[in-house]
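Colleague: I have just opened this one. Can you walk me through it?
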Protein chains: 2
Amino acid sequence: MIGAETLVRTLVASGVDICFTNPGTSEMHFVVALDRVDGMKCVLGLAEGVVTGMADGYARMADKPASTLLHLGPGLGNGIANLHNAKKAHSGIVNIVGEHATYHVKYDAPLTADIEGIAGPVSHWVRTSMSAEDVAKDGAEAVAAAFGPPGQIATLILPANTAWSETPWDIANPPVQPIAPAARPKVDQQAVLAAAKALTSGEETLIHMTGQALRAEALEVAGRIAAKTGCRLSCMTSNGRWQRGAGRTPIERIQYPVPIALKQLESVRHLILLGTKTPVAFFAYPDKPSVLIPDTCDVQTLGEIGDDHLAALQALAEELDAVHTAPTVTEANRPELKTGALDSESIACAFGHYMPENAIVADESVSSGRGFMPYTLGAAPHDWLALTGGAIGLGIPYATGAAIACPDRKVINMEGDGSAMYTLQGLWTQAREGCDVVTVIFANRRYAILQGELAAVGAANPGRKALDMLEIGRPDLDWVALAGGMGVQAVKVDTADGFNDAFGRACAEPGPHLIEAVL
Amino acid sequence: MIGAETLVRTLVASGVDICFTNPGTSEMHFVVALDRVDGMKCVLGLAEGVVTGMADGYARMADKPASTLLHLGPGLGNGIANLHNAKKAHSGIVNIVGEHATYHVKYDAPLTADIEGIAGPVSHWVRTSMSAEDVAKDGAEAVAAAFGPPGQIATLILPANTAWSETPWDIANPPVQPIAPAARPKVDQQAVLAAAKALTSGEETLIHMTGQALRAEALEVAGRIAAKTGCRLSCMTSNGRWQRGAGRTPIERIQYPVPIALKQLESVRHLILLGTKTPVAFFAYPDKPSVLIPDTCDVQTLGEIGDDHLAALQALAEELDAVHTAPTVTEANRPELKTGALDSESIACAFGHYMPENAIVADESVSSGRGFMPYTLGAAPHDWLALTGGAIGLGIPYATGAAIACPDRKVINMEGDGSAMYTLQGLWTQAREGCDVVTVIFANRRYAILQGELAAVGAANPGRKALDMLEIGRPDLDWVALAGGMGVQAVKVDTADGFNDAFGRACAEPGPHLIEAVL
């Protein structure tokens with residue numbers, strides 16, 4: 001059995017059963033090995049930003065690592081932005097990156113690059129296998145690293161000769177055993193007592209959460225605590241996965257604009273962190289603070305991102321005698337459809353109105369979708385995925401990966417037109433795989449967020465040359481043509497009624513659809 | 001004057017007068033400063049791979065550095081693959097990469113990343129400006145590094161507060177002076193004598209060249225030496241810029257397939273390197289050597305990549321008394337057009353037939369265009385740009401950058417369909433800027449090179465799962481729709497006559513055109 005096949009078998013045995021790929025010459029033995037091993041699904045992306053973004057979306061929804069197959073340093077390089085987003089989402093990913101044969105690296109052939117150097121900034125774990133015998137063991141360790149908890153980015157570099165060389169293993173005598181994923185650390189009882197003290201102090205207390213704490217079951221416990229103590233509950237601006245909708249415990253999202261976030265947090269006296277850090281501004285702005293809480297606020301940590309958030313909340317509820325308190329929950333409330341002009345509000349109403357049970361919202365709307373939260377609060381229960389690392393170009397890929405992880409659920413991708421262009425190639429994978437994704441393009445023909453940011457940073461009175469760098473019209477993009485060119489059926493709408501029709505139909509019909517909503 | 005404006009003024013004063021951009025919040029002051037300074041052209045790309053690839057194409061044709069504007073670590077990450085290609089082409093590029101304000105980095109906001117770490121593997125020079133007063137000086141040093149010689153990648157990281165803060169300078173009292181680019185080192189007379197000795201030894205001698213040696217004037221001198229001594233002349237498989245065509249001195253290209261390259265080099269007794277290293281295989285293959293020359297071959301270096309190649313060849317010609325020898329030159333010979341089925345040969349004939357005087361060929365045909373050299377040898381004089389770093393996704397961007405550098409010349413972009421998908425967003429910039437580019441998509445619906453490589457690495461009998469990773473049909477891409485969606489007029493052809501018509505027309509008409517050639 002060659003090294004590449006020991007790796008594929010190790011991945012599958014370790015529970016990693018999907019590989020998002022864009023291979024090259026040095027990965028050919030791995031590709032052929034994929035063929036020889038049952039239980040590994042392979043999904044091709046036509047650019048590596050699509051590949052890594054799909055892996056992120058898959059990992060968020062499958063709750064386990066995905067693998068990728070990338071071609072040397074440049075292939076990994078193309079995938080960096082979405083690995084950055086995945087890292088910030090705590091998604092587990094095992095990158096398999098091909099490399100020249102170990103003896104060939106020194107000749108500095110055209111594709112030679114410092115792959116470990118490129119991998120480092122977006123990986124928690126990096127290793128280059130130096131012989132075929134090492135590959136299976138290295139693969140098992142990569143998977144263990146990717147599982148975390150929390151999920152991590154593990155990059156295993158596979159020189160071509162370690163992939164193609166024979167190892168001592170065969171089918172009857174398979175390679176090294178997988179490593180069992182680590183358990184989430186136990187609850188820190190001291191932290192629970194400290195949190196309970198704050199919550200019973202009579203002073204305003206906020207539990208600020210992300211990660212596993214945003215799953216319905218944990219939120220319900222948090223809702224009992226809130227009902228019992230009167231505390232507030234919040235999550236980050238951008239969370240990897242947030243379960244919300246009718247029947248679930250609602251929590252506030254800390255807003256992106258600094259003045260609004262400061263207002264949200266100004267009265268908080270005790271901040272209890274669960275999987276989060278103290279809220280800070282997304283960007284620095286002249287004359288605005290970086291840290292969003294008041295100086296007078298006490299900060300304590302109930303649990304780190306990799307801890308058992310459900311257990312921590314349960315322990316806290318027990319301490320507070322809130323285990324049987326009825327939690328705060330959201331009532332079902334689907335907004336009425338709007339008619340007339342198409343704008344963010346009419347789209348938001350259609351979302352809240354039509355969103356099917358168990359939908360997955362992959363949000364990369366950047367500016368246009370910021371106001372959607374109230375309109376979708378009482379919609380059918382759904383998962384909301386956000387742009388955790390702020391690197392645009394995640395939307396189409398992670399919607400695709402989520403759809404592959406959850407083939408029985410509808411994925412709704414909210415996309416800015418500027419963001420969508422970064423990784424539009426992902427639409428082709430949606431067509432090939434028949435993914436059940438509705439992509440809504442907010443076609444405002446500009447990087448609208450930057451026009452706002454220009455004012456926020458105090459850069460006043462931009463001229464034509466500056467504005468040309470923020471507007472993506474001239475020529476306008478035709479999303480119906482772009483989607484159609486990759487096999488995805490699409491429609492362009494510029495009225496609320498047109499949108500309602502198109503969105504309602506796309507929510508009811510399986511398979512990939514794209515709606516260009518001209519704003 | 002704020003830091004950002006001191007930087008823009010320093011770039012312009014240093015001879016860097018174009019900025020390829022995809023900005024974000026942290027770059028807003030730089031964008032506004034672009035407005036305030038005359039003499040800096042700005043070109044927007046809708047993805048950073050497009051931005052860095054355009055800068056490479058521009059630098060190759062303008063013979064001086066271009067600048068880019070990129071958004072933090074992920075924006076730079078998206079541009080890495082084409083910076084890798086630019087680095088291998090010895091193109092000069094100054095990357096301006098925005099960063100959080102210096103005091104904001106420690107808070108680990110979503111977009112925070114190790115930018116210097118991401119920049120390192122693709123940069124010769126990396127620096128983070130730590131105060132507004134440093135920015136102009138750092139900018140001048142970055143430009144000097146980018147000029148080389150040879151051209152280098154310089155990455156200057158610009159924290160937002162160093163961009164927005166005031167400096168001591170104003171219009172009447174402009175920031176620090178530019179640094180004059182370094183001269184190319186003088187010719188090494190010992191190396192000239194050694195080369196002359198080999199060339200007069202009576203044994204087979206090959207001068208293997210790239211870089212400045214492939215400009216017409218230097219090639220002519222090499223042609224005199226070849227005529228005088230009977231030596232062979234060759235260039236690398238992939239060169240940054242190679243001037244060829246009728247009336248110019250022809251040289252061999254070392255082929256990509258290892259068996260052919262070995263054959264080309266097996267009889268060489270003396271190898272003289274000018275800007276090159278000893279030829280090695282692009283990839284390692286089981287049972288094939290990495291080094292392509294025989295053990296018995298002597299290797300000597302006439303000049304490094306950054307040296308004055310023209311002067312070195314002139315000194316050598318003088319030493320050999322070849323200054324007045326008539327050089328070997330290519331006779332004009334435009335192939336006849338083919339009729340009937342569309343294949344690589346009929347396309348190659350149309351290229352040789354129609355290519356206008358002074359065309360720039362941006363080659364990213366990967367597999368389909370490998371045989372084009374003989375058909376275009378006697379065409380009108382032209383520049384041939386190649387995929388120097390082997391990282392696909394360069395073609396559309398560098399064709400665009402070349403067209404912007406040389407608005408009076410026709411650019412012909414040979415594109416594999418797989419490669420084209422990596423950075424198709426560049427077509428939009430062609431439409432916005434009215435670039436005179438003909439893109440020919442070799443639509444074979446597969447990563448054809450990999451199907452060959454699969455056999456070459458000995459990975460036999462691939463199954464459906466493996467083949468699915470190498471085929472990009474199902475669904476077929478519709479390039480007419482994709483190009484049209486970005487404002488580029490396009491036509492699909494599947495006969496030689498159809499191609500001849502479309503290509504002839506596109507060569508005669510200014511502005512962007514795309515031809516989908518179905519193979």
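Colleague: How do helix α1 and helix α2 of chain A pack?
Modeller: In this predicted model, α1 (residues 3-13) and α2 (residues 28-36) of chain A pack at an angle of about 50°, their axes 8 Å apart. Helices are DSSP runs of H or I, at least four residues. That angle makes α1(A) oblique to α2(A), as under 35 degrees is roughly parallel, over 145 roughly antiparallel, 65 to 115 roughly perpendicular and the rest oblique.
Colleague: Left- or right-handed crossing?
Modeller: α1(A) and α2(A) cross in a right-handed way.
Colleague: Which residues make the contact?
Modeller: From α1(A), A4(A), E5(A), L7(A) and V8(A); from α2(A), H29(A), F30(A), A33(A), L34(A) and R36(A). Contact means C-beta atoms, placed from the backbone, within 7 Å.
Colleague: Switching topic: how many residues does each chain give to the contact between chain A and chain B?
Modeller: Chain A gives 83 residues and chain B gives 83 residues. On the side of chain A, α2(A) gives the most, with six residues.
Colleague: And how are the two copies related?
Modeller: Chain A can be laid on chain B with an RMSD of 0.0 Å by a turn of 180° and a shift of 0.0 Å along the axis. The copies are thus related as by a two-fold rotation axis. The superposition is by least squares on C-alpha atoms of residues with pLDDT of at least 70 in both.
Colleague: What about numbering and cut-offs?
Modeller: Residues are numbered from 1 along each chain as its sequence is written, and chains are lettered from A and ligands numbered from 1 in the order written. Local features need pLDDT of at least 70, side-chain atom pairs count only at pLDDT 80 or more, and totals for chains, interfaces and linings use all residues.

Conventions. Axes are lines fitted to C-alpha atoms, for helices over the stretch in contact, and angles run from 0 to 180 degrees between N-to-C directions. Helices (H or I, at least four residues) and strands (E, at least two) are DSSP runs, numbered from the N terminus. A crossing is left-handed if the near helix is turned anticlockwise from the far one by less than a right angle, and right-handed if clockwise. Two residues are in contact if their C-beta atoms, placed from the backbone, lie within 7 Å.
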